[in-house]
Amino acid sequence: GNYVRPLPDRKAVYISLDEMGDIEGRTFEALTRDAFAAMDAEGPDRLIVDLRRNGGGNNYYGEALRKRIGRSRFNRPGGLYVLTGPATFSAAQNLANRLERETFALFVGEPTRGAPNHHGDAGTFKGEATGITAIVSTIPWFDSYPQDKREWILPDLPVPELFDDWRSGRDPALAQALTHKAPVTDELDRDRIFYFRRPSQKG
């Protein structure tokens, strides 16, 4: 679901985003306010945003959270981790794209399902002559450089999701995000300027 969970023993805040929308009787705005409060609390020095189960929704719902993350103390090497997988798609892909472009986020897990530059906002159309119904993307989203031809965002820290881990209740991707020590870097690093060409994206 969509929820925020402080992890005080790990000095971290975990944000689960399973849908870019209002679910479980709670609005996305309420979730965002919970995230703000957890991020403003004293103690945490690491933020983890989990998009692994998020197939999309409203592209604009994540904007306030994204902007606050960008201004926060978590936006530094080793302070921000984004968990992704093959279900990370559509509006969740947009949020991942913007966090990749504008922050020091490190991606953990598996490749996203969509491309940083993609077409979305599908509409349903019915052919007048054939009567065939089709779902067609209506809007191009260009969240990355025009030279970015990737089909996905590859993880900086690859952690495959295995059935045995699921069966045993283990979450190695989250464990990696909670314990990883990031190398020192800054905005002048070429891998930050041309983030879509950094070594992890050459797979």
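**The whole chain**

You're looking at a predicted model, where local features need pLDDT of at least 70, side-chain atom pairs count only at pLDDT 80 or more, and totals for chains, interfaces and linings use all residues. Numbering runs from 1 along each chain as its sequence is written, and side-chain values use heavy atoms, with hydrogens and water left out.

Switch to cartoon and you'll find six helices and 10 strands, taken as DSSP runs (H or I of at least four residues for helices, E of at least two for strands) numbered from the N terminus. The radius of gyration, over C-alpha atoms, is 18 Å, close to the 17 Å from the globule rule (2.2 Å times the number of residues to the power 0.38), so the chain is as compact as a globular protein of that length.

**Zooming in on Ala115**

Now select Ala115, in the loop between β5 (106-109) and β6 (117-120). Is Ala115 buried or exposed? Ala115 is buried, with a relative accessible area of 15%.

Next, show what surrounds it. Beyond its neighbours within four places in sequence, Ala115 is in contact (heavy atoms within 4.5 Å) with Gln93, Asn97, Arg150, Glu151 and Trp152. Last stop: pick Glu100, which is 15 residues from Ala115 in sequence and 12 Å away in space, C-alpha to C-alpha.

Note on methods:
Buried means under 20% relative accessible area, exposed over 50%, partly exposed in between (1.4 Å probe, protein chains only).
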